[in-house]
Amino acid sequence: MLISHPAEKNAPEKPLKVHLFNVGENSRRLIKSVQLDLTITSQEKLAELACFIGMFHDFGKATTWFQDYINGNRKGDNLTHHSFVSAVVCYHAVREKFDSPIWAMAAYLIVKKHHGDLEVFNSDEAENMDIAEKQLRDILKNQAEKVEQIYSEAFSDILRLVESIDLEDFKETLENFEDDLDDYGDDLGDEQKIELFFVVNLLFSVLIDTDKKDAARLDTAYFDGNLKEPVSDVFAYIENCRKNNPEKFDKSDSLNKLRDEFLSEIVANKSIRAENHFYTITAPTGIGKTFGCLAFANKLKSMLPEGEGRIIYCLPYTSIIDQNFDEFEKIVRFAKKEKYDERPGRYLLKHHHLMFKEVKNRVRQEEYSYKDYLDDRLFVESWESAMIVTTFVQFFHTIIGYKNSFLKKFHNIVNSIVILDEVQNVNPDYYDLLRNVLDVLGKRFNIRFLLITATQPEILDSDKSGTIELVDSRKYMKDPLFNRVKLDIRKEPQYLDDFKEEFCEAFSGENCLLVMNTKKSAIGLYEYINEQMKRDYAVFCLTTYLTPFDRKEKLGCIRKALKNKEKIIVVSTQLIEAGVDVSFRHVYRDFGPLDSVVQVAGRCNRNGEYGELGGEMTLINLKDENDRCYHSIYKKIISQHVNDVIENDVYESSNFADLSEKYFGKFDFIAKSGSLLSAIYDLNYDMPMKGQMPIKDFSLIEEYQEEDVYILITKEAQEDMYRFLDLKEKLADKDMGKDEKNAILLEMEKLKGKLKEYQISLRRDEIKAYKDSLIIEGEDYYRYISYKNQKEYAYDGKIGFLVIPKKPIETTMFF
């Protein structure tokens with residue numbers, strides 16, 4: 001018997017035929033289970049294609065070399081590799097069955113890369129051909145009868161197909177792929193080319209997800225049927241809150257009345273229908289958008305076919321996920337009661353790169369093993385829960401992606417309800433790209449999108465997409481209760497040193513937030529204010545030089561001080577702009593993008609506690625000693641648009657909607673979007689081509705040459721790092737038993753999750769003073785500064801990492 005996977009502790013070896021049929025049939029089932037409105041193929045044909053890809057994805061495991069390897073009688077080498085030869089056979093099977101060179105080539109690419117990232121370019125193709133030739137001969141000579149038995153139902157003349165493969169001809173086929181795609185594309189419009197890209201990614205997603213789960217022998221009972229259960233009732237939750245906290249949720253309170261009206265207007269909107277795919281909410285901070293988006297999602301989900309409507313809530317930053325997740329958890333727990341406590345991950349999961357990926361209560365904790373962790377990670381990363389709280393990076397790098405780890409959840413985005421909160425944080429360079437791809441995802445893959453912001457950027461084409469505005473935004477944006485901030489404009493550039501002195505001499509308010517454009521200017525301002533005003537104020541500094549652990553601690557202290565009406569001043573970079581729930585009476589913002597200015601205004605008199613226009617905000621324009629404005633970190637065109645839009649010296653919150661509309665109307669960034677769209681049209685995942693940005697080069701967040709460093713600010717963190725490195729070294733023992741190795745790997749994963757709290761990213765110029773010294777220890781991805789060295793040289797608990805060490809580094813500290 002040919003096998004695909006060896007025996008495990010609780011499972012026997014898996015026959016190759018069983019694995020191929022499981023993956024094929026599960027792939028077919030997944031495609032059939034979703035609602036698609038495709039124009040380039042039928043859903044029935046796509047389901048059959050998915051099944052074929054699944055049936056052939058591990059064909060190459062039939063070689064005697066792989067069978068020796070899987071049975072422990074041979075080490076892995078080129079002859080045991082199975083993806084390429086499987087892809088070759090799959091190409092020919094699909095080409096014959098479907099009579100389509102494009103779908104055959106898509107199947108080839110998908111199978112070839114199903115253990116890696118979805119890429120086309122391969123410099124080792126000639127070597128692969130030689131190996132495939134040997135593997136095909138081996139199968140025909142030694143495994144023909146077994147292979148014929150495996151495919152007797154799915155492809156009865158499989159041996160004839162294998163015998164007919166001419167690899168020289170196939171090599172020529174690969175060389176002509178671009179020409180064939182161009183010929184195929186001549187008959188397609190731009191939208192259909194985008195559709196083709198998503199269909200290929202969908203097929204890849206279905207294959208790798210079903211393959212991984214079948215190989216792992218996963219039991220999906222924890223999640224089965226979760227999308228068919230009734231959704232959470234936001235109104236019932238609010239009523240319960242009124243009973244338990246009548247003062248905060250008092251119906252007679254003017255602000256609560258407006259919040260109730262906002263929520264009622266959303267759910268009463270008759271345009272919320274299954275056939276509509278694009279919705280927006282533009283409303284002021286504090287109106288209750290969290291309740292509103294969930295009420296919308298629940299109403300829309302009730303109109304969809306049973307089993308559809310996974311809710312995917314996306315935020316721009318990991319730093320604000322926890323507070324939003326906690327709010328959703330309260331609502332879901334209230335609705336599901338003990339069912340939620342029994343299986344919380346069935347109903348709600350958060351997913352971002354910093355977290356330890358665990359599905360609570362899926363496995364008894366005392367029995368939890370490394371295998372269970374790997375299984376949990378598969379579930380978390382494929383988004384099986386009824387509601388996902390995640391980041392923009394996780395979402396956008398999946399829909400415009402090539403990486404295996406991202407694409408395995410793409411099929412679970414299909415037919416979902418996607419909520420993009422604080423969407424103004426997306427780089428304007430990508431507006432045109434998103435406008436095009438979201439339109440196709442909505443119309444062809446039946447994904448419903450809700451875009452939420454206080455400053456709605458022109459991402460969607462309202463006329464083309466038929467966008468539904470769920471509320472009358474101006475009614476709320478201009479309501480006196482939300483006219484909370486008076487904004488003074490000071491366009492004239494001012495030296496930072498002059499501003500420092502002016503502020504310290506003039507400011508006497510109860511609290512203040514100052515938001516700077518750079519870490520250097522923020523720290524410089526903080527140090528001066530702290531020196532001059534620390535007797536009267538608690539002064540805090542927030543930048544990404546602080547570890548995540550310290551940032552959370554400081555935000556907690558800041559919230560507590562504000563709640564207790566203590567005198568407090570906070571100097572921060574832009575990290576405080578989006579979603580951080582704090583409220584100051586006085587706010588200063590260095591000159592920057594208008595959406596950032598409005599976001600910072602959302603931290604000013606956030607809850608209206610200082611009355612109408614009780615928040616005082618000033619937009620300043622700071623420059624350094626070399627006359628360089630700190631806003632030069634942004635594109636010049638952004639500053640130009642802000643200057644064009646801001647014509648007066650004073651504005652109010654009620655003006656922000658009009659200003660935002662004018663501001664976003666000026667953007668026409670199409671160059672970067674165009675180069676990515678061109679790559680999507682050509683299925684160019686990885687090849688450098690003139691006029692195209694390969695899909696692998698897409699990055700939602702602008703990347704810099706940075707190095708991750710762990711700052712071990714607690715003794716516990718240092719113990720965790722030393723333990724982690726000790727375990728990493730132990731793994732090099734080749735004689736270690738599998739159980740011991742798995743126990744070590746599980747402990748390492750848990751330690752990695754804990755250590756993320758102490759990880760910061762630094763540019764090379766920021767760690768220049770430590771170069772070639774022993775202050776930064778470790779290697780590869782685990783560079784760290786010890787507890788002793790961070791105290792003596794590199795870290796200050798008030799401002800974070802020190803670009804200039806506390807004291808000169810002794811010569812003995814250098815190599």
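Biologist: Which residues does Lys213 touch, not counting residues up to four places away in sequence?

Modeller: Lys213 touches Leu218, Phe379, Ser382 and Glu384, where contact means heavy atoms within 4.5 Å. Please keep in mind that this is a predicted model, in which local features need pLDDT of at least 70, side-chain atom pairs count only at pLDDT 80 or more, and totals for chains, interfaces and linings use all residues. Residues are numbered from 1 along each chain as its sequence is written, and side-chain values use heavy atoms, with hydrogens and water left out.

Biologist: What makes Lys213 count as buried?

Modeller: Lys213 lies in helix H11 (residues 190–215), helices (H or I, at least four residues) and strands (E, at least two) being DSSP runs numbered from the N terminus. Buried means under 20% relative accessible area, exposed over 50%, and partly exposed in between, with a 1.4 Å probe and protein chains only. Lys213 has 11% relative accessibility and therefore counts as buried.

Biologist: What makes the pairing of the side chains of Lys213 and Glu384 a polar contact?

Modeller: The two side chains come to 2.2 Å. A polar contact is a pair of N or O atoms within 3.5 Å; within protein, one must be able to donate a hydrogen and the other to accept it, and residues adjacent in sequence count only if both atoms are side-chain atoms. The pair of Lys213 and Glu384 is therefore listed as a polar contact.

Biologist: Why is Lys478 called partly exposed?

Modeller: Lys478 has a relative accessible area of 35%, so it is called partly exposed. This lysine lies in the loop between helix H24 (473–477) and strand S10 (485–489). Leaving aside neighbours within four places in sequence, Lys478 is in contact with Ser654 and Asp658, and its side chain makes a polar contact with that of Asp658 at 3.2 Å.

Biologist: How do you know that His352 is buried?

Modeller: His352 has a relative accessible area of 8%, and it is therefore called buried. His352 is found in the loop between strand S5 (349–351) and helix H18 (370–381), and it touches Thr318, Ile321, Lys357 and Thr391, again not counting residues up to four places away in sequence.

Biologist: Why is helix H19 described as largely enclosed by the rest of the structure?

Modeller: Seven of the eight residues of H19 (residues 392–399) are buried, so the helix is largely enclosed. The buried residues are Phe392, Gln394, Phe395, Phe396, His397, Thr398 and Ile399.

Biologist: Why are H4 and H6 called roughly perpendicular to each other?

Modeller: Helix H4 (residues 83–98) and helix H6 (residues 125–142) pack at an angle of about 75°, with their axes 9 Å apart. Axes are lines fitted to C-alpha atoms, for helices over the stretch in contact, and angles run from 0 to 180 degrees between N-to-C directions. Angles under 35 degrees count as roughly parallel, over 145 as roughly antiparallel, 65 to 115 as roughly perpendicular and the rest as oblique. H4 and H6 are therefore roughly perpendicular. Their contact is made by Phe84, Val85 and Val89 of H4 and by Glu125, Asn128, Met129, Ala132, Gln135 and Leu136 of H6.
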